[in-house]
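Here is a short briefing for a first look at a protein. Keep the sequence and the model side by side as you read.

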Amino acid sequence: WGYYGSPPSRSSFAIQALVAKHFQWGGYYPVGGAKQIARALLQTVADAGGWTRINADVAEIVVEGGRAVGVRLGDGEEIRARHVISAVGIEATVRRLLPPAEREAAWVRDVTALAPAPAHVCLYLGFEGDIRRAGASAANKWFYETWSAEAEAWQVKPEQPIPDAPVLYCSFPSLKDPEHDPGPAEHHTGEVVTFVPWDVFAPWRGSRWKKRGEDYDQLKQRLTDALLDQFLTHMPELRSMIRHAELSTPVSTDHFCRPLRGSIYGLEPTPERFRCRWLRPGAPLQGLHFSGSEVATVGVIGAMMGGVLAALAAEPLEVMRTLEAGGAFGHR
């Protein structure tokens, strides 16, 4: 269940089945690394005559006459469009970007009643040496310290002893990428992920990146040391190969991605989430469309399908012709 962040007592059977099916013949990895996803998307937009604005904060969706007609940026600039498509998460959109008057609608209250998936920490590792000899491979590894399938969050608190995390997800991205050249020194990457309570890190939300204060730095270092030691109890031969270790926290996730409560997966994939009739690509507000993983399912593939569905909702005939020309419906 760690792949979607909802323990068995709360999760939907549908999401569990989808994850099992997804990994039945092995997972996919983008050749050249995760950055290639962004590059390919941006190039597709450029090839179609579009453009991408970066480092541009959207402050509000502009609504006129009961219709979304564009967005207002943090500096006051307005960008008008026939369709407004939000991929930042449906709940984040309605809580943060809709004008106050629109947030009172009944459908908005239904969406905001849904819970987010948990927050997480990620320990990024740099290795030098033959990590395959130490047990690393392209396969993901899960290490459990408990028999309870309901133990979800690493219960960490400042100035208190740090226990073992109940579960660790470990991956070695450089071994997944056929284009990675480790060189003669055999440089490789790894990551260790586990869930944590957002409330522990919430006090630092809004603080400056890399300047969050001594108390934050001390907690971060203690978590780094504890997580690294726990990981190395399972793969001890990697210890001598570690050259770099850096931890990201839910505050990092909030700074760079801005999900609600630092959520790693957006809305928690519970039965209530999938029953909510407003989690659709076409919003009840005319001109507004939703994309991303909350329209479909969690993860990269879920986000991709959310984009396809949003495009279909906005321009159904044009998108159907594009999909058909690309062979999406097979041969007749």
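This is a predicted model: local features need pLDDT of at least 70, side-chain atom pairs count only at pLDDT 80 or more; totals for chains, interfaces and linings use all residues.

The protein has 11 helices and 10 strands. Of its 332 residues, 39% count as buried.

**Overall form**
- The radius of gyration is 21 Å, which agrees with the value near 20 Å that a compact globule of 332 residues would have.
- Along the principal axes, the C-alpha atoms fill a box of roughly 65 × 50 × 40 Å.
- Take the contacts between residues at least 6 apart in sequence: 67% of them join residues at least 24 apart.

**Surface and charge**
- The protein has 35 positive and 38 negative charges, and their mean positions lie 4 Å apart.

- In soluble globular proteins, nonpolar side chains tend to be buried together.
- The largest nonpolar core has 35 residues, of which Phe172, Phe201, Phe231 and Leu238 touch the most other members.
- Elements giving two or more residues to this core include the strands β5 (119-128), β7 (167-171), β8 (187-196) and β9 (242-248), along with the helices α6 (198-201) and α7 (214-234).
- Helix α7 gives the most, with 7 residues.
- Beyond its neighbours within four places in sequence, Phe201 is in contact with Val121, Val156, Val196, Leu219, Leu223, Thr249, Pro250 and Val251.
- A second, separate core holds 22 residues, among them Ile61, Leu98, Leu114 and Leu285.

Technical notes
Residues are numbered from 1 along each chain as its sequence is written. Side-chain values use heavy atoms; hydrogens and water are left out. Helices (H or I, at least four residues) and strands (E, at least two) are DSSP runs, numbered from the N terminus. The radius of gyration is taken over C-alpha atoms; the globule rule is 2.2 Å times the number of residues to the power 0.38. Buried means under 20% relative accessible area, exposed over 50%, partly exposed in between (1.4 Å probe, protein chains only). Contact means heavy atoms within 4.5 Å. Lys and Arg count as positive and Asp and Glu as negative; His and the chain ends are not counted. The place of a charge is taken as NZ of Lys, CZ of Arg, CG of Asp or CD of Glu. A nonpolar core is a set of buried Ala, Val, Leu, Ile, Met, Phe, Trp, Tyr and Cys residues joined through side-chain atoms within 4.5 Å.
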